[in-house]
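Take a look at the chain below.

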Amino acid sequence: FKQKTAYEIVDCDWSSDVCSSDLSRPRTKVTAALITLAAIVCLARLVQWQVIERDRLLAAAASQASSSIVQSPPRGTITDSSGVVVLATTVIRYRLTALPSRMSASERPVVAARLAELIGGEAGDSERIRALLESGRTRVTIHPGVDDAAAERIQSAVSSGELTGLSLEQVRLRSYPQPGGSPGTSLASQVLGFVNSDGLGQYGVEGYYDEALAGSARVTDVSRDTSGNLNTVEVAAGHPGVDLQLCIDARIQSMVEQEIAVAGVADLADSVSMVVMDPYTGAVIASASWPSFDGNSYGVTAERDPSRFMDPVISSVYEPGSVMKSLTATAALEDGVASPSTIYNDERVLYLDNGVTRVRNSDLKSRGPISMTEALAYSRNIVFSKVALSLGDTTTAAANRLYATWLRFGVGGRTGVDLAGESQGIVRDPSETRWRQIDLANASFGQGVGVTLMQLATFYSSLVNGGVLVRPRVVAAVNGVPTPITVRGTATTPAVSRQMIQMTSSVLQIAPFYRQAAAIPSFVYGGKTGTAQIWMPDAKNGVGAYDQEHFNFTFIGWFGRTAPEYVIATTIHHATPKHMAVGWWQNKIESWELFRRVAQDIISVYGITPAAVSDSRSTSPAYPGSPGPSAPVRSEEHTSELQSQSTISYAVFCLK
């Protein structure tokens, strides 16, 4: 027959193999080409593996034969000033989880009730656990960390078959073992902050010192060679977290928390805050706000009111009112435009800005001729408006002078306290926005300026410690090494400081309502009050106005045996006082009463006895060896140097 090929038609004779050979030659060529192509592909692939991707493949192979081990160290411990009372530590606990799918619908309520009993929680825990079991989720966390005793009880119930679908996993948790001064809180919770589920410090000391407290993990690589031998290589040595010893005295802290909680409830206030400071070292002996939270149950607070995590002492900015009159008096004393005995005419109304604006006293009355010391005691707005206006030949010059005084005392800037979340306050620079006379008058008595309570405590410490601006500090020692006392500069002269000590002491002696409620017999003491209206931006259909029913009440005081040894600053926010008369509002517990109560607590705890007549100086009982209140904090040479620096700074402010 005839067969058509790709080349030609030939006659084939089956008795001869000539035709067969001719036909198979093209097929052989095609097969050879395919084999050659496959060989080229394989060779290219081998080149890619052996040359181009050699390192990556070796690393991938090594990773399958090796692993990294990360060993995180326990977080550092935080203690109070004694070094004995533990405020925060790391403990081993057991995370309790459940698989609801392994429980029938009828079993879940029974399991929830039994677990609540075994854990020993609060009332309502049974309903909470039942809701988790009936949530429809595959796996739920019943408790983030039960203790050893509860874990043993639960494990026993699981082993006996009483409970099913549960598991316990060992975890590290941050514990705050000291109870706070009010129900449902841990001690110094807003100072300490907390550690979240990712192991990160949040707020307060935990946030500020997070990296130091956490330390670093030890990382090792473990690999197996071709012979099956294990090789261990240390990648990072790691180091343990540091231990912190605070300036906080747990005894004073607990008493402060109790006092402010009582005042907050009695005065129908939104919050009450207090800070106790050593004015010579900047050591914060106590700092607290009410309401607070429990650091062991921060998740509950996060759901209900996360704003409680913010520490009002360092983060809440508000108009402080008349406590700022002390700085207005300081500026006048420094410039020599007034002395404590300078007489001013206290009028009913002071017209400013060519009669367009006016200032009144809170009682809408006049006391007639009155000294600057008496005006401070009776908190006369009109007198201090006049004092502020006298600071310069023009309103702008006077505004710059008062503003410069604020800056030297740290108003308008962060204090540098070692806590996370500090605010710097709000002040207007008169060189950027021109002040009118009414602006200067308002500033003279603490309206139109925003500060934190920590700023107030810090600048009042400067007023009574000889004029030295000290950085406040919460941590006293890191791993047993004391933290240094940091002097930020000179705020005023020792002479002016002595005058302000005398003036603020007179405040609590002249005014009868202070003298009765703030007296600390056999000790020296002084201070200044501040009552400020609260601005509401949308009070009347979007138009701002001052609240006429609620106020912020502040008192900054000091006391000691023969001279100032402790500064106590307290503020009662958004209180609801009883209106007694024009300019007179009365709280159930006044801010200066809180000052006296805490001062007496300190005297009792430290066993401070009244000074003998022959005593000329004393030392803070909380910090033996610190500079005595009657002793110079710095040498005269160093003080003169700082005063020179302060004068230069003032010149810069004026030029600005």
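Which residue forms a salt bridge with Arg130? The partner is Glu134, and the closest N and O atoms of the two are 3.1 Å apart. Keep in mind that this is a predicted model.

## Salt bridges

Arg130 is partly exposed, with a relative accessible area of 39%. Glu134 is partly exposed too, at 41% relative accessibility. The structure holds 19 salt bridges. The table lists some of them.

| Arg95 | Glu169 | 3.0 Å |

Start with the salt bridge between Arg95 and Glu169. Arg95 lies in strand β5, which covers residues 86–98, and Glu169 lies in strand β7. The two residues are 74 apart in sequence, so their pairing ties together separate parts of the chain. Arg95 has a relative accessible area of 29%, which makes it partly exposed. For Glu169 the value is 43%, and this residue is partly exposed as well.

Arg308 is partly exposed, with a relative accessible area of 32%. Asp305 counts as partly exposed at 29%.

Salt bridges can also join into a network. Here, Arg75, Arg174, Glu206 and Asp210 are linked in this way.

## Patches on the surface

Where do positive charges gather? Arg348, Arg358, Arg360, Lys365 and Arg367 form a patch of positive charge on the surface. Take Arg358 as one of its members. Arg358 sits in strand β17, made of residues 357–360. Its relative accessible area is 49%, so Arg358 is classed as partly exposed. The cut-off explains this label: exposed means over 50%.

Leu43, Val47, Val51 and Ile52 make it up, and together they have about 410 Å² of accessible area. Leu43 belongs to helix α1, which runs over residues 18–52. At 53% relative accessibility, Leu43 counts as exposed.

## Aromatic rings

How many aromatic pairs does a search of the whole structure find? The search gives 15. One of them joins Trp406 and Trp435. Their centres are 5.9 Å apart, the angle between the planes is 50°, and the pair is tilted. This pair links distant parts of the chain. Trp406 is in helix α15 (residues 395–408), while Trp435 is in the loop between α15 and α16 (437–444). They stand 29 residues apart.

Are these two residues buried or exposed? Trp406 is buried, with a relative accessible area of 1%. Trp435 is buried as well, at 4%. Both labels follow because buried means under 20% relative accessible area.

Rings also group into a cluster. Ring pairs link Phe194, Tyr203, Phe293, Tyr298 and Phe309. Tyr203 will come up again below.

Which peptide bond is cis? The bond from Trp290 to Pro291 is, with omega near 0°. Pro291 lies in a loop that runs between β14 (284–290) and α10 (298–304).

Next come two phi angles. Ala188 has a positive phi of about 55°, although it is not a glycine. Ala188 is found in the loop between β7 (166–175) and α6 (189–192). With a relative accessible area of 3%, Ala188 is buried.

Tyr203 has a positive phi too, near 65°, and is likewise a residue other than glycine. Its place is the loop between β9 (201–202) and α7 (204–208). Is Tyr203 buried or partly exposed? At 29% relative accessibility, Tyr203 counts as partly exposed. Tyr203 is also a member of the ring cluster, along with Phe194, Phe293, Tyr298 and Phe309.

Terms used
Residues numbered from 1 in each chain as written. Predicted model: local features only at pLDDT ≥ 70, side-chain atom pairs only at ≥ 80, totals over all residues. Heavy atoms only, no water. Patch = residues over 30% accessible without salt bridge, like charges linked within 9 Å, V, L, I, M, F, W, Y side chains within 5 Å. Areas by Shrake-Rupley, 256 points an atom, 1.4 Å probe, with all protein chains shown as cover. Salt bridge = Lys/Arg side-chain N within 4 Å of Asp/Glu carboxyl O. Lys, Arg positive; Asp, Glu negative; His and termini not counted. Charge placed at Lys NZ, Arg CZ, Asp CG, Glu CD. Helix = DSSP H or I, 4+ residues; strand = E, 2+ residues; numbered from the N terminus. Buried < 20%, exposed > 50% of the residue type's maximum accessible area, 1.4 Å probe, protein only. Phe/Tyr/Trp six-rings, centres within 6.5 Å; stacked < 30°, edge-to-face > 60°.
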